[in-house]
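Dear colleague,

I am handing over the structure below, together with some notes on what was found when going through it. Please keep it open beside this message as you read.

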Amino acid sequence: MAVPEFQTSPGMRDILAPESARWRAFVEVFAGVAESAGYRQVMSPLLEDLGVFQRIGDATDIVSKEMYDFADKGGRHVALRPELTASICRAFVQHRPPTPWKVWSAGSQFRYERPQRGRFRQFDQVDLEVLGSNDPHVDVEIIALGWEFYRALGLTQVKLLLNSLGEPEDRARYVAALRSYFESNRDSLSPESQITLDKNALRVLDSKRHGDASIIAGAPRIVDFYSPDAAAHFEGVQAGLTALGIPFTIDDTLVRGLDYYRHTTFEYAGGTLDSAQNALGGGGRYDGLVESLGGPATHGIGFALGLDRTLIACDDEGVFTAEPLALDAFVVDTTGGLEALQLTAELRAAGLSADRAYENRSMKAQMKVADRSGAAVAIIIGSNELEEGAVTVRPLRNNDGQQTIARSTLIDYLKKARP
Ligand code: AMP
């Protein structure tokens, strides 16, 4: 086949069936977990004023390097959203709903990254946020719901990593200490980390480069910088997770990519992916983000979980698999097609799933389509059946014999045959 002139852009994909059904089911499972805990859906636009995302912080790669931004026809500088939290905070400032505002969201994000396994330029996330409460139990609830979601998918090897970045002032003192430590060891850091250091000392802790590991191991620890309030908050989160029986590992290098995080940060690591790509999802507290978008001082915490990497983890663990799509019946009509038109409509109206062949093709050609359709049975209407007011039911998934039954009994028959 010749290469088509137009194909998806790098890092962007068509998701076809049955994978598309799995994507939808993924969001449905997430919605079930979130709504059962009182979270309600927010749907925000894919496109926002560039400024909404710039408030995330210029030192963040997704803002400084990876944004799909452009001027629209009205000269407005807009961007395709690289993440959901900033949009949700913008929506909070715009609508001022009562707090705590507990919301979930889902959809595509856009980042101009180098495409690779588990990393795309358009990718989907599900997201949970609570605005307006500083209770450590909110942190625990959010983290526990993510945990429960992975359980609901059937994943058992996910690990929860936990850290606290303290109050903004604790974080600032810590960053200053880190900077002077890394500066004094600058020559031993990888060239990439030296560049990171110039922009954001905290992010050097993110480096997975082998050569940086020993320098990072000797760096100052955030735990020594916590104010009493920050320490108490973090203890509250840990006690809550322990009370719920959720195992976690404290990882004090877990700073996450975004500059707005305060206090609790966390990540769900897949048990099966390479280390560079094993973050299935993560989040944290972002007190201060709502203010930077023009709203009142408002606490916030949330997470985003990536669909792609979570599905790779599902494949690796053999859970939440893509099921071939099923139909109750496929109608084969060799009398002209009108019977197929009416019968499929009747079956669908009765709550059964039904498809049919078109173009009045031969019995053999129609049966070939029926075999491919995933239907449990073919319903055959030939001239004999038409005369007798009957249909022939031919099983497609096993060798049970076919039978001819009165057409008036077909709906009951198919309903009883459902697994
Ligand atoms: P972040 O919004 O960067 O905290 O990412 C949260 C989750 O979204 C990650 O753990 C990944 O599962 C997923 N994710 C982030 N960037 C990408 C990407 N470029 N392609 C696919 N998934 C991504």
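Predicted model: local features only at pLDDT ≥ 70, side-chain atom pairs only at ≥ 80, totals over all residues.

I begin with the ligand. Of the 15 residues around the ligand, those that come nearest are Arg-111, Glu-113, Phe-120, Arg-256 and Ala-279. In the side chain of Glu-113, an N or O atom is 2.6 Å from a nitrogen atom of the ligand, while a backbone N or O atom of Phe-120 lies 2.8 Å from a nitrogen atom of the ligand. A polar backbone atom of Leu-280, for its part, is 2.9 Å from an oxygen atom of the ligand. The ligand taken alone exposes 480 Å², of which the protein buries 91%. As for the elements involved, at least two residues of the shell are supplied by each of β6 (122-131), β10 (279-285), β11 (300-306) and α11 (307-317), and β10 gives the largest share, with three residues.

Next comes helix α6, which covers residues 168-184 and reaches 24 Å from its first C-alpha to its last, close to the 24 Å expected for its 17 residues at 1.5 Å a residue. Its buried residues are Asp-170, Arg-171, Tyr-174, Val-175, Leu-178, Tyr-181 and Phe-182. Seen down the axis of α6, these buried residues fall within an arc of 130°, so they line one face of the helix.

The peptide bond from Ala-17 to Pro-18 is cis, with omega near 5°, and Pro-18 is found in the segment before α1 (19-35). The bond from Thr-99 to Pro-100 is also cis, with omega near -5°, and Pro-100 is found in the loop between α4 (85-95) and β5 (101-110). Although Phe-320 is not a glycine, its phi is positive, at about 45°, and Phe-320 is found in the loop between α11 and β12 (327-333). Asn-360, likewise not a glycine, has a positive phi of about 50° and lies in the loop between β13 (354-356) and α13.

With best wishes

Technical notes: Residues numbered from 1 in each chain as written. Heavy atoms only, no water. Helix = DSSP H or I, 4+ residues; strand = E, 2+ residues; numbered from the N terminus. Expected span 1.5 Å × (residues − 1). Buried < 20%, exposed > 50% of the residue type's maximum accessible area, 1.4 Å probe, protein only. Arc of directions from axis to C-beta. Near = heavy atom within 4 Å. Polar contact = N/O pair within 3.5 Å; in protein donor to acceptor, adjacent residues only side chain to side chain. Areas by Shrake-Rupley, 256 points an atom, 1.4 Å probe, with all protein chains shown as cover.
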